[in-house]
Amino acid sequence: KSNTHGPTSSKNRWLFLSNACFFSSPNRTEISARIILPLGLPSPELGTAGAYSQRPSSIMIHFVCLISRQGKVRLTKWYSTYTQKERSKAIRELSGVILSRGPKLCNFVDWKGYKVVYKRYASLYFCMCIDDEDNELEALEVIHHFVEILDRYFGSVCELDLIFNFHKAYYILDELLIAGELQESSKKTVAKLISAQDSLVEVAKEEASSISNIIAQATK
Amino acid sequence: MGSQGGIGQSKEFLDLVKSIGEARSKAEEDRIVLGEIETLKRRLVEPGIPKRKMKEYIIRLVYIEMLGHDASFGYIHAVKMTHDDNLFLKRTGYLAVTLFLNEDHDLIILIVNTIQKDLKSDNFLIVCAALNAVCKLINEETIPAVLPQVVELLGHQKEAVRKKAIMALHRFHQKSPSSVSHLVSNFRKRLCDNDPGVMGATLCPLLDLINRDVSSFKDLVVSFVSILKQVAEHRLPKAYDYHQLPAPFIQIRLLKILALLGSGDKQSSEQMYTVVGDIFRKCDSSSNMGNAVIYQCICCVSSIHPNPKLLESAADQIARFLKSDSHNLKYLGIDALGRLIKLSPEIAEQHQLAVIDCLEDPDDTLKRKTFELLHKMTKSSNVEVIVDRMIDYMISINDNHYKTEIVSRCVELAEQFAPSNQWFIQTMNRVFEHAGDLVNIKVAHNLMRLIAEGFGEDDDTAYTHLRSSAVDSYLRIIGAPKLPSVFLQVICWVLGEYGTADGKYSASYITGKLCDVAEAYSNDETVKAYAVTALIKIYAFEIAAGRKVDILPECQSLIEELSASHSTDLQQRAYELQAVIALDAQAVENIMPSDASSKEIEIDKNLPFLNDHVERAIEKGAQPYIPESERSGFSNASYLNSQDLHDIPPSHGLRFEAYELPKQPSVPLTTPPISIGSSNELIAVPEPAYDRGNQAAVSVPSSSNSGPAEVKLRLDGVQKKWGRPTYSSSSPSPSAAPSQDTVNGLTVSNGATSVTPAISKGRETTYEPTRKSQVVEISPEKQKLAASLFGGSSKQERKSSLGGGHKTAAKPSGGHGAETSVKKMAVPAQQPPPPDLLDLGETTVATSGPLIDPFKQLEGLLDMVEPTSSTNNHGDVNATKVPDVMASFGDTATAVEHGGNHFSSIEDVDNLMSGLSSATTDVSSDGGIATPQSTAQISKGPNLKDALQKDALVRQMGVNPSSQNPNLFKDLLG
């Protein structure tokens, strides 16, 4: 039988006690070896007073989604990596939370350690998921910025425009946000780019000729 | 334009969208989509689909995917579409793949080639589409494939392309910082782009870079400040205005950057004060966007070196936020208050009622934010109210994620500020009862230790009282159904140690309870093990006390059951129990002394009881043991390691260049291995393992031929996390001790700098509490809450806050804080100090002079801090600034002379545009062919970019005639 069965020497006592106190966790040494940790283990956010806790990361939009009042998805764009399952789950959870919120409450909700900023326009909710530490009000204005651009493009936009032309909304979003960041804050520039893309062929031809002109001049 | 500009969608598709729109339930919608999936699957395999039709199918796939269904069967068609030459189709293809594929998808490898080709296209729209795809799809491994082209595009003549190229590089940086680390200078250059959109986009990667390494960007403070100033003064084109505010999104980004750069740096901060103050004054506070900027200003002010004036304006703005009717602003106000409260604790006082209103608001988001604030302002005087509220709220919610968070906060506060042991134990019991599964196991261990040791009082009666009250409370709780495992472990342990200690409960009563637990939670082995061990202790104490042990029948059956358990751990415990019971009192007293859980157990590391055995073995001809430190070569090796480990080059994912040829070890062997059996094996095995992933040149030391120490090992590529190899652990490496010291030194000065401002602040600004006027219409209940939260008398509170960190650290209610610090000094094997401002102070005391009064020490520290920190900063800035400025702006500066001829008209105007544009000429002139292009462009006249510049210029002249200040741009251009 194993030697722990005849606990008489001091060595065995140690075995016993350490067993008695701790046996299953890596914390065994904490008590048995009397290494004293401070009881107040500060969480990192509290601990590092000034610098760390207030460090903003660059504004990172994890995803954007448009949900109708009935909970129907009108547009989703994912900037961070999510599986199809996670996506459906996120939409389901968020539409549950957001659609049931009263009108006078904040436009922000906590969601798994992130903030989801939403705003309702008529029957459509625009939602945007950002980092917890980020500027929520700024995100709210990014949404509004997007809506203004849509409005300008479709000419007083309504939900139907987006339902039938969701791919256009995607193109517009791609000019506004890229890689989860706001890439362009000028409405004019975005509008110009989109219209350039819409009349793609002509512009492309013109471009090509002007560039070849320039090259021709340069190589003369 | 509008919706008519699109492609003619087929009736079929329109019908689909319509029917989805009319679907009344999710189930109906799903049915329709599944039908659509079947249709598409069928259609897509048909031969000879016209491209126009194919495009529609792809859009329909996008639609399906958007609705949350799997369209992966059609991904390949989207990929194919990106190969198409037709722009419309290509764009659709790119849109679809960016929506379909994550960066780790297998199909991406099929797109990389197309992307490479498209990045070279002479149609900028194609390039843009490709760059969009790059941002989404390119992963760490494929970055090298497109990186050169993306970098080239930074100099593209279309600003839209430059902007996207910048963002693509930013994305690369996020995915693999090392891949673009050599391109930082490009970002700096783009900051001077003549298109504000590109400049604004460049701020994103810079923010990220600065976040990672503040010190190497200190030279840009001046530039950022000057850009922010010009933006705030409305010098950007009108197109960037947003609701009459000048480019607010850019302002916010700049403020974020400044907050990082000014944090803990007095000199840099001083450069920012004026511009931040201006924005505070000028910003329109009636619009959302204006408030967003103001909020960012507050964040910035609370992060940089404090300035009384700015803090005052920040406090004013916070007051405005909190008084607002908008929940959004209240939320921001609470958040901002939390940021500012560390710098000037007294500002919370005037807002106490607003805070309480927010706490009781039905809006969960606001409530949580308020709890966050309370967490930051908890002191020993208000901890009871706050933790109580937190636990109540914690019980009321279901969201596990947030529950975990708030539980950890409760525990943290309770441990830090507990006013009495009694309260602490009760609080912990509540926490464990309602959220035991969410608590870190360490918390349970802390609780056990606390009960075992008390708070270090000498008073024995308090001790025993604490324990018996714990035992009482646990016996009450133990019957409750479904207790969390962690809590049960604590209960079992405490009952085992102290259940019978005060004689109130009989051994059979306690053991009965323990058996009940083991039975009720028979699936939980850990709990069972704790229960059995508790039984052992109870019986042992009984035997030692000379009483006869009656084993209850249920205990007996439990023991029998466990001694046949599948778990060897449980089995052993059961056998040990039986063994203990069979011993006499003397022996039991030896192995299980009562109340010895917190006694030091001494271990003689020399293991003297083995000496006989060793001697016998040596007599029989065994080799004597040679301590590691005395084995030749070892100390060398460890020294080598510790040196090399410090400068490790950033590691790359895949290597694209060829491996170097292996070299012969340059140093011949000098020392023959001593004992082949032990030493060689020890070394030869670990080394090759360290070299994995390292490109080259290592001749693997094989155990047969190598003198281990002399072979020069290439250790670059070895990650630090592996630490020093184990064999050098006995002889401390030479660098270890000093580095530890410097770490301490550094952290001390850090901690202290952030303490000082708080103190000086407290003295300089005093706020008249505005409470009196408000009190009138406030319910007494709220007042009471306010008083308990914010401390009854403001004066007393203020004093303690003036005391800054050290007071609370040194004696949170004479509680465990003090105790632990004392212990920390005594115990040599110290844990690395947690990153806490307060604790760091203590550790220094411990290291520098263990027996000096900590208060005096701290005072001394505080006095010293101001000068030392500031001189440090000076040194820092001066050292880094000069060369960097030259490097980064050197070429920009030449650009001014260079481009002067062409641009004389523009150059005179010292606005952002002109200065920046001359900088770009330089960039293009580097490119060779680009120079004629840009000159041609200018001479050509009516051009988009020109028009924009002119527009800006005219407005500039018209609106702001006083701006002819050539100094403005000196900053930017060095």
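Student: Before we look at any residues, when do two strands count as paired?

Tutor: Happy to start there, and do keep in mind that this is a predicted model. Strands are taken from DSSP runs, and for two of them to pair, DSSP has to find at least two bridges between them. The number to remember is therefore at least two bridges.

Student: Which residue of β5(A) stands opposite A:Phe63?

Tutor: Let's begin with the strands themselves. β1(A) covers residues 61-68, and seven bridges join it to β5(A), residues 124-130, with the two running antiparallel. Within β5(A), the residue opposite A:Phe63 is A:Cys129.

Student: β1(A) also pairs with β2(A); which residue there is the bridge partner of A:Val64?

Tutor: Good one to follow up. β2(A) spans residues 73-78 of chain A, and its pairing with β1(A) is antiparallel over five bridges. Across that pairing, A:Val64 has as its bridge partner A:Lys77.

Student: In the hairpin of β1(A) and β2(A), which residue takes a positive phi?

Tutor: Look at the link between the two strands. The hairpin has four residues between β1(A) and β2(A). The phi in question is near 90°, and the residue that takes it is A:Gly71.

Student: How many residues of β1(A) are buried?

Tutor: A residue is buried when its relative accessible area is under 20%. In general, the side chains of a regular strand alternate between the two faces of the sheet. As for β1(A), the strand is mostly covered, and the buried count is eight of its eight residues.

Student: Turning to chain B, why does the length of α1(B) agree with what a helix should span?

Tutor: α1(B) runs over residues 11-22, which makes twelve residues. The expected span is 1.5 Å times one less than the number of residues, so α1(B) should span 16 Å. The distance between its end C-alpha atoms agrees, at 16 Å.

Student: How wide an arc do the buried residues of α1(B) cover around the axis?

Tutor: The buried residues here are B:Phe13, B:Leu16, B:Val17 and B:Ile20. They lie on the same side of α1(B), because the arc they cover is only 95°.

Student: And what do those buried residues pack against?

Tutor: The face of α1(B) turned away from the buried side carries the exposed residues B:Lys11 and B:Glu22. On the buried side, the packing involves both chains. The partners are α7 and α8 of chain A, together with α2 and α3 of chain B.

Note on methods. Residues are numbered from 1 along each chain as its sequence is written. Chains are lettered from A and ligands numbered from 1 in the order in which they are written. This is a predicted model: local features need pLDDT of at least 70, side-chain atom pairs count only at pLDDT 80 or more; totals for chains, interfaces and linings use all residues. Side-chain values use heavy atoms; hydrogens and water are left out. Buried means under 20% relative accessible area, exposed over 50%, partly exposed in between (1.4 Å probe, protein chains only). The arc is that of the directions from the helix axis to the C-beta atoms. Contact means heavy atoms within 4.5 Å.
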